[in-house]
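Please look at the sequence and structure first.

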Amino acid sequence: MLCFRIFLNLAFCLIFFSIRCDAEPLTVWYTQPAQQWEETIPLGNGKIGMMPDGGIREETIVLNDITLWSGSPQDANNYEANNYLSQIRKLLREGKNDEAQKLVDAHFICRGPGSGGKQWGCFQTMGTLHLAYDYGEPATNEPIDYRRQLDLNDARSATAFSLAGTQYSREYFTSFGDDVGVIRLRADRSGKINVRITIDRPERATAQTVRNELQLMGQLDDGVDGQGMRFITRIQAKTTGGNIEVTENALIIRQADAAEIYLTTATDFNNVDYLTASAHTLSEAMHKTYDLQLQQHTTNYQKLFNRLDIRIGEPTTDGLPTDQRLARFAENADADPQMAALFFQFGRYLSISSTRVGLLPPNLQGLWANQIQTPWNGDYHLDVNVQMNHWHLGPANLSELDLPLVELVAKLVEPGTRTAKAYYAADGWVAHVITNIWGYTEPGESASWGVANAGSGWLCNNLWEHYAFTKDTAYLRRIYPVLKGSAQFYNSALMEDPKSGWLVTGPSVSPENAFYLPNGNHANVCMGPTIDNQITRELFTHVLTAAELFGIDPAFQDTLRNKLKHLAPSGRIGSDGRILEWLEEYKEVDSQHRHISHLYGVFPADLISPYKTPELAEAAKKSLNVRGDDGPSWAIAYKQIFWARLLDGNRAYKLFKQLLTLTRETHVNYGAGGGTYPSLFTAGPPMQIDGNFGGTAAIAEMLLQSHNGIIDLLPALPDAWKGSGEIRGLKARGNFTVDFEWKDGKVTHYHITSPNPTRVKVRVNGEINEIVSSVRS
């Protein structure tokens, strides 16, 4: 027994020390339990999400499953809508946009309540795991040396503290090995682990024990007969010493030296055998040792995470916990350039944790939600948000994480074909501004935002970017029909602007902005908003490139080449020097609107740049100056990307500092006031993960750009980051991997590799060199 205690104390001290190392640059940590959900630590393996709050006596761990949605498939198309198309377009040609909008609201939106209805559905929390600890001492005693942390290097969280002379530690991870959530409880004295384990959910679920297993089972509302998606969470435990008591709805661990809690989640989304499969998954995990489970988890996670290393400045945090570090960053960001590297790697961590090939792409909240009714249904918004969730994946060396979005888009083609016929009598397929896992492509329930038809074209940009970064021609051949179908829609649905003769979309909107008409009324519905013109031009060009590469569809190639000659320009400059947002020089209702859709040509497209189109680039800067720098977190991140693409590193850095403004606000926000929670999740508010991913993409754009046929190193390096830095594993379009270092704002070394030796142009310290890449091993 003495030997065992010596071993236990030694092992615990090693763990306790390992989670208290202040010098680790990729650790997010705190000195107190989370006071709100937005302060908890996000864990995930692309399917299961866990968010422990690190409570002392009562700990809550919010659980998620990426596939858990209410609602069901529906056909909300108005098949009479196309009968009104010519009348709507006539009114638009006559400048009677307000009258056209009334007609759209009456006949050209979805049938039924749309995203406000139960059949639309909602991404929901799986439930909450409760751990009630008994320390055998007065509850008034306070712990000392408390620390709660997340290590990005191994996707593992830990909590440690000392209470009444005993040191306690907890470790948590969502395994990339056996698809389970794992919690290990330890103490440096034997018999000190006493915990009651329960689970609940606010609605439509029942918790009970079956033999030695705690279960939470339920069925969500499908919006039709209430018999929607079924789900289960299974929980089992094992101990070293002590015993486990099973009650009707709890597992109770008493006087154990150590304990491990294993859980798995499952739904019947594309898995009718979810009950048997989840039981097998948990059984397999329970038969492995903790060390083996951890080793498999770490190995699989690091296959993705370890592809890229980044340092900006010197890795010093002065031993500050993350919430205090964020507060100090607002006061003196220049003193902590490594915060950008941490935020960048945190964005990569979130993508790895919330995305799994074969499942669903991250939604508005990624994988993590603590509510039944998540903000904006936790769905997929197609006018920037879901696209932004994926912008960083190519540069961040995580291209395969694009594939769940690719599959989601492919499943929109069939319903989108019906929608294209119903509303536009058009060929091909279309999706509007919102979608869900049930394949919704219809317009939204209000003309002011719901009739935007750029969603499908914008999604095709994401699909193309995966090819641009990987050069995977087999992939391009597979998704070519999706791209072609989208181009067929725009080709078929374009109308002629009577003033210019340009071919433009209509009816449409510039998401989600409004303008004043000469009669004083305001409207949203228009023809040819600038974003649509840019998307159409880009999409036609991409489809032509692919068709030429494969030597197919010559007639359609000719059609697209002809249409390209008649499309509206990528950008036009108004009398005030800004990029026009609409065909007409309307005055916007909100000059600082959160959406900046008319700059799509700057990013994610490459239609406007300081090198190719300097006058349009200057006009884009003026547009951004009028829009202002504030907004929800995703809008701030988008502006940071724009300024990086416009080669103004200091302005991009200003936006990054604004993005990292510490906040704890949770109200629904459509205007100014975004920021970052103590957990490093970004805030709209409320929590929206697109700000994290957009900010990650922006940092990548500041350090490397690879559009326009050239790799540009440090194109938008701010003064605050000039001191020194290095990065290994950043990706450039063309399937190039780039390593480089800099000092005093100048690149001192770079190395570019690719699968085969390839000639490539590189801009280094202002000079363009043409080199041959090395072969990547």
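In this predicted model, helix H12 gives the most to the lining of the largest cavity, with 4 residues. That cavity has a volume of about 150 Å³. H12 also supplies at least two residues of the lining of the largest pocket.

**Largest cavity**
- The lining holds 14 residues; His-390, Trp-391, Glu-465, Phe-469 and Arg-733 lie nearest the centre of the cavity.
- By class, the lining of the largest cavity splits into 6 nonpolar, 4 polar and 4 charged residues.
- In total, the structure holds 7 cavities of 30 Å³ or more.

**Helix H12**
- H12 runs over residues 455-470.
- How many of the 16 residues of H12 are buried? The count is 16 of the 16, so the helix is largely enclosed by the rest of the structure.
- At 1.5 Å a residue, H12 should span 22 Å, and its end C-alpha atoms are 24 Å apart, which agrees.
- Lys-471 follows H12 and has a positive phi, near 55 degrees.

**Second largest cavity**
- This cavity holds about 70 Å³ of space.
- Its lining includes Tyr-133, Asp-134, Tyr-135, Phe-161, Arg-170 and Lys-192.
- Strands S8 (166-174), S9 (181-187) and S10 (193-200) each supply at least two lining residues.
- S8 has the largest share of the lining of the second largest cavity, with 3 residues.
- By class, this lining has 6 nonpolar, 2 polar and 4 charged residues.

**Largest pocket**
- The largest pocket contains about 580 Å³ of space.
- Its lining numbers 31 residues, and Trp-464, Ala-468, Asp-606, Gly-709 and Arg-733 lie nearest its centre.
- Arg-733 is also among the residues nearest the centre of the largest cavity.
- Helix H14 (530-550) and strand S32 (759-764) are among the elements that each supply at least two residues.
- Which element has the largest share of the lining of the largest pocket? H14 does, with 7 residues.
- By class, the lining of the largest pocket has 13 nonpolar, 10 polar and 8 charged residues.

**Second largest pocket**
- About 350 Å³ of space lies in this pocket.
- Of its 18 lining residues, Trp-376, His-381, Glu-512, Arg-594 and Tyr-670 lie nearest its centre.
- By class, there are 7 nonpolar, 8 polar and 3 charged residues in this lining.

**Nonpolar cores**
- The largest nonpolar core has 222 residues.
- Leu-129, Ile-197, Tyr-349, Tyr-424, Leu-703, Trp-721 and Phe-740 touch the most other members of that core.
- Beyond neighbours within four places in sequence, the contacts of Trp-721 include Ile-312, Pro-337, Tyr-653, Phe-656, Leu-703 and Trp-742.
- A second, separate core has 9 residues, among them Val-180, Val-182, Ala-285 and Leu-294.

**Met-388**
- Met-388 sits in helix H8, residues 385-388.
- Is Met-388 buried or exposed? Its relative accessibility is 0%, so Met-388 counts as buried.
- Not counting residues up to four places away in sequence, Met-388 touches Trp-634, Tyr-638, Asp-690, Phe-693 and Gly-694.
- Asp-105 is 283 residues from Met-388 along the chain, and their C-alpha atoms are separated by 29 Å.

Key: Residues numbered from 1 in each chain as written. Predicted model: local features only at pLDDT ≥ 70, side-chain atom pairs only at ≥ 80, totals over all residues. Heavy atoms only, no water. 1 Å grid on protein atoms, 1.4 Å probe; cavity = no way out; pocket = protein on both sides within 12 Å on 5 of 7 lines; lining within 4 Å. Points joined across faces, edges and corners; volume = space filled by probe spheres on them. Nonpolar A, V, L, I, M, F, W, Y, C, P; charged D, E, K, R; others polar. Core = buried A, V, L, I, M, F, W, Y, C linked by side-chain atoms within 4.5 Å. Buried < 20%, exposed > 50% of the residue type's maximum accessible area, 1.4 Å probe, protein only. Contact = heavy atoms within 4.5 Å. Expected span 1.5 Å × (residues − 1).
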